[in-house]
Amino acid sequence: MRLASAVIGAVVAAGVLASVAAWLGATRGDAEGERAFDGRSPLSARIDGHETPLPAQASACANCHWPSASPAAGDGTPAALASLGPRLTRAVLLEPAARRGGPPSRYDEAAFCRLLRTGQDPAGVMLPRAMPRYDLSDAACTQLWRHLTGRAR
Ligand code: HEC
């Protein structure tokens with residue numbers, strides 16, 4: 001009996017530890033994704049058709065996409081920013097929408113990473129060249145995706 005409760009106690013403790021570790025991992029991924037988005041962690045990128053990498057200050061997502069943490073529309077987003085790239089919210093990425101004249105599509109992590117690397121959106125439509133092409137590791141892309149969608153996975 002005593003052994004059984006000790007075993008149960010150990011299993012519960014292991015479960016709690018595992019969820020804390022998973023939570024910490026997800027939070028850290030978000031924080032690193034936010035740093036990359038804001039330009040505090042430089043990302044390697046270039047404009048399609050150009051060999052020379054963009055300067056680190058130019059490749060930050062937040063230069064063209066209003067930071068996802070800021071309040072929703074009608075918030076005084078400067079016109080210059082609003083006109084370059086869409087606000088990248090969880091809803092914009094995850095809900096089906098007709099993008100750039102293509103059929104309705106939405107992003108998952110794989111589609112998001114493909115877009116960043118190749119410029120091709122989930123419906124196969126190419127983005128305008130104004131959006132840089134990124135040379136990203138899988139881990140860096142996952143961190144950005146987690147930051148923007150707030151998902152643990
Ligand atoms: C120099 C400006 C610029 C930078 C820097 C930039 N983007 Fe973009 N982005 C754009 C433009 C322009 C579009 C296309 C807008 C359109 O088609 O209406 C775009 C489109 C997108 C889309 C497609 C949205 C949709 O609805 O299909 C995603 C996702 C995206 N960018 C993510 C990022 C991420 C993540 C970063 C940083 C790693 C980034 N962008 C950096 C300009 C930029």
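**Exercise 1. Placing Gly 33**

In which helix is Gly 33 found? Work out as well whether Gly 33 is buried or exposed, and list its contacts beyond its near neighbours in sequence.

*Solution.* Keep in mind that this is a predicted model.
- Step 1: start with the element. Gly 33 belongs to helix 1.
- Step 2: count neighbours. Within 10 Å there are 23 other C-beta atoms, and a residue with 20 or more is buried, so Gly 33 is buried.
- Step 3: look for partners. Leaving aside residues up to four places away in sequence, Gly 33 touches Gln 143, Leu 144, Arg 146 and His 147.
- Step 4: check a distance. The C-alpha atoms of Gly 33 and Ala 139 are 9.6 Å apart, although 106 residues separate the two along the chain.

**Exercise 2. The chain as a whole**

*Solution.* 
- Step 1: count the elements. The protein chain has six helices and four strands.

**Exercise 3. One side of helix 5**

Which residues of helix 5 are buried, and what do they pack against?

*Solution.* 
- Step 1: go through residues 109-118. The buried ones are Phe 112, Cys 113, Leu 115 and Leu 116.
- Step 2: look along the axis. These residues cover an arc of only 155°, so they lie on the same side of helix 5.
- Step 3: find the partners. The buried residues of helix 5 pack against helix 4 (90-94), strand 4 (133-134) and helix 6 (138-149).
- Step 4: zoom in on Phe 112. Beyond residues up to four places away in sequence, Phe 112 touches Leu 93, Tyr 107 and Trp 145.
- Step 5: step off the end of the helix. Just after helix 5, Gly 119 has a positive phi of about 85°.

**Exercise 4. The largest nonpolar core**

How many residues does the largest nonpolar core have, and which have the most contacts inside it?

*Solution.* 
- Step 1: recall the background. In soluble globular proteins, nonpolar side chains tend to be buried together.
- Step 2: take the count. The largest nonpolar core has 19 residues, and Phe 112, Leu 116, Cys 141 and Leu 144 have the most contacts inside it.
- Step 3: assign elements. Helix 1 (2-38), helix 5 and helix 6 each give two or more residues to this core.
- Step 4: find the main contributor. Helix 6 provides the largest share, five residues.

**Exercise 5. Pro 103**

Is Pro 103 buried or exposed?

*Solution.* 
- Step 1: locate Pro 103 in the loop between strand 2 (97-98) and strand 3 (104-105).
- Step 2: count. Pro 103 has 11 other C-beta atoms within 10 Å; with 12 or fewer a residue is exposed, so Pro 103 is exposed.
- Step 3: list its contacts. Not counting residues up to four places away in sequence, Pro 103 touches Ala 98 and Ala 123.
- Step 4: the C-alpha atoms of Pro 103 and Ala 123 are 6.5 Å apart, with the residues 20 places apart along the chain.

**Exercise 6. The ligand shell**

Which residues come nearest to the ligand?

*Solution.* 
- Step 1: of the 23 residues around the ligand, the nearest are Cys 61, Cys 64, Gly 85, Ala 130 and Met 131.
- Step 2: sort the shell by class, which gives 16 nonpolar, four polar and three charged residues.

Technical notes. Residues numbered from 1 in each chain as written. Predicted model: local features only at pLDDT ≥ 70, side-chain atom pairs only at ≥ 80, totals over all residues. Near = placed C-beta within 6 Å. Nonpolar A, V, L, I, M, F, W, Y, C, P; charged D, E, K, R; others polar. Contact = placed C-beta atoms within 7 Å. Arc of directions from axis to C-beta. Core = buried A, V, L, I, M, F, W, Y, C linked by C-beta atoms within 7 Å.
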